[in-house]
Amino acid sequence: MRIGFANCRAKSTFRLQPLNTVLGVMDGFTDHLGVLAEFSIGLAGFTGIIAALTKNADEIIQFRFQNLLASSFAPGFFALIVIGGNYLNVSQSLVLVFSSALLAVYIVAFAVIGMMRSRKLPFGSEGLSLPILRLFAFTGFVVLVLQILGLLFLTEQRQGFFFYGLVLVLFQGAVSFIALALSVLRSSQNDA
């Protein structure tokens with residue numbers, strides 16, 4: 001006797017087949033992108049917890065919040081573009097070219113907007129950390145180079161360039177999260 005759940009039998013233990021075997025749509029690459037999107041959304045969720053615990057957010061904390069949200073939501077967004085294209089049966093090569101180009105534009109826009117906004121903020125122990133900004137500039141440059149390489153190569157390497165670009169953006173989000181958490185802790189200690 002069959003039940004309406006993906007090849008489950010009434011006498012066997014209840015278990016659903018993974019979505020990719022039922023639909024036959026997802027491959028290993030999109031599975032990895034799905035995991036990356038979950039991490040991205042989780043990081044954004046923890047940002048919300050810090051936001052709820054923050055009483056007085058000065059300009060630096062607001063700057064870090066915005067950077068954190070941008071660098072935590074972006075990998076999930078770009079990963080979901082590829083997963084969605086896969087579900088719509090669009091050529092993965094075409095979707096990767098589009099997503100890589102979009103990610104490259106995002107990185108440039110993120111860098112330009114970040115530089116313009118950071119010029120108005122103080123640096124040093126009470127402000128922005130120059131080593132962290134340099135780390136962001138370096139990882140942003142690496143992501144941009146990876147996306148350009150992904151656009152130039154017409155092989156399987158395109159997936160790796162795109163995926164590791166997203167991982168580096170998520171790394172920026174993790175660094176932003178740590179900087180924000182420390183900044184909020186420092187701010188709350190100064191208020192006490």
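**Pockets and helix packing in a predicted model**

Tutor: The second largest pocket holds about 230 Å³ of space. This is a predicted model, in which local features need pLDDT of at least 70 and side-chain atom pairs count only at pLDDT 80 or more, while totals for chains, interfaces and linings use all residues. Residues are numbered from 1 along each chain as its sequence is written, and side-chain values use heavy atoms, without hydrogens and water.

Student: What makes residues count as lining the second largest pocket, and which are closest to its centre?

Tutor: A pocket is an open set of points on a 1 Å grid over the protein atoms alone, where a 1.4 Å probe fits, with protein on both sides within 12 Å along at least five of seven lines; a lining residue has an atom within 4 Å of a point. Twelve residues line the second largest pocket, and L53, T54, V184, L185 and S188 are the closest to its centre. Two or more lining residues come from each of α2 (28-53) and α6 (157-191), helices being DSSP runs of H or I with at least four residues, numbered from the N terminus. The most, six residues, come from α6.

Student: How many residues in the lining of the second largest pocket are charged?

Tutor: Two are charged, beside six nonpolar and four polar ones. Asp, Glu, Lys and Arg count as charged; Ala, Val, Leu, Ile, Met, Phe, Trp, Tyr, Cys and Pro as nonpolar; the others, Gly among them, as polar.

Student: How much space lies in the largest pocket, and which residues are closest to its centre?

Tutor: The largest pocket has about 380 Å³, a volume being the space filled by probe spheres set on the points, which are joined across faces, edges and corners. It is lined by 18 residues, with A111, M115, L133, F136 and A137 the closest to its centre. Its lining has 13 nonpolar, five polar and no charged residues, and α4 gives the largest share, eight residues.

Student: Why are α2 and α3 called roughly antiparallel?

Tutor: They pack at an angle of about 155°, with axes 8 Å apart. Roughly antiparallel applies to angles over 145 degrees, so α2 and α3 qualify. Angles run from 0 to 180 degrees between N-to-C directions, and axes are lines fitted to C-alpha atoms, for helices over the stretch in contact.

Student: What is the angle between α3 and α4, and how do you know what to call it?

Tutor: The angle is about 170°, with the axes 9 Å apart. α3 and α4 are therefore also roughly antiparallel to each other.

Definitions and conventions
Parallel < 35°, antiparallel > 145°, perpendicular 65-115°, else oblique.
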